[in-house]
Amino acid sequence: MSRLILLNKPFGVQSQFSGGAGGDARDTLAHLVAVPDVYPAGRLDKDSEGLLLLTDDGRLQARIAEPRHKMPKTYLAQVEGVADEPALAQLRGGVMLKDGMTRPAQAEAIEPPMLWERDPPVRYRKTVPDSWLSLTITEGKNRQVRRMTAAVGLPTLRLVRWRVGDWTADGLAPGEWRELYV
């Protein structure tokens, strides 16, 4: 059996166990998960939140993280601007980025989700509307969701990875984790 940890990674935490700013482990996974011999299956940027999977099984780690396996990952993105049908259609068709065309994504405008408060909060601007979208991708280019939304004129303000495959962040507060054996 393989150990799998579902962690709700808070904003500002790096997806690694060492190498915090100035040697400070508070901005790494080390202060959240005191479980030996588990490693992140993929990455989640320091300025992104949500589901991060950790495992002690190299094959499971590869199946989750490597783009050739096409494991779907769903993100909830608060974007600057209104996620209208033309922008969503572009995301669904794939977006040209500097490092090539993305695979088509599942993209839809959604109502603001019931999420935890982010610390620090997203800056609110009265004169600039924002909206939320759900975006499911099957690859993992560096900062891909942020670059895709920016490419269609919707810069990301807040990004939460909600689902990886069949696993979700549902029921986990920031910094909380749940252990499974698969």
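The lining of the largest pocket divides into 14 nonpolar, six polar and nine charged residues; here Ala, Val, Leu, Ile, Met, Phe, Trp, Tyr, Cys and Pro count as nonpolar, Asp, Glu, Lys and Arg as charged, and the others, Gly among them, as polar. Please keep in mind that this is a predicted model, where local features need pLDDT of at least 70 and side-chain atom pairs count only at pLDDT 80 or more, while totals for chains, interfaces and linings use all residues. Residues are numbered from 1 along each chain as its sequence is written, and side-chain values use heavy atoms, leaving out hydrogens and water.

A pocket is an open set of points on a 1 Å grid over the protein atoms alone, where a 1.4 Å probe fits, with protein on both sides within 12 Å along at least five of seven lines; lining residues have an atom within 4 Å of a point. Points are joined across faces, edges and corners, and a volume is the space filled by probe spheres set on them.

| Pocket | Volume | Lining by class |
|---|---|---|
| Largest | about 400 Å³ | 14 nonpolar, six polar, nine charged |

Of the 29 residues lining the largest pocket, Arg 43, Tyr 75, Gly 140, Lys 141 and Arg 161 lie nearest its centre. Strands E3, E4 and E9 and helices H1 and H3 each supply at least two lining residues; helices (H or I, at least four residues) and strands (E, at least two) are DSSP runs, numbered from the N terminus. The lining of the second largest pocket includes Trp 116, Trp 132 and Arg 158.

Helix H3 (residues 144–151) also holds Thr 149.
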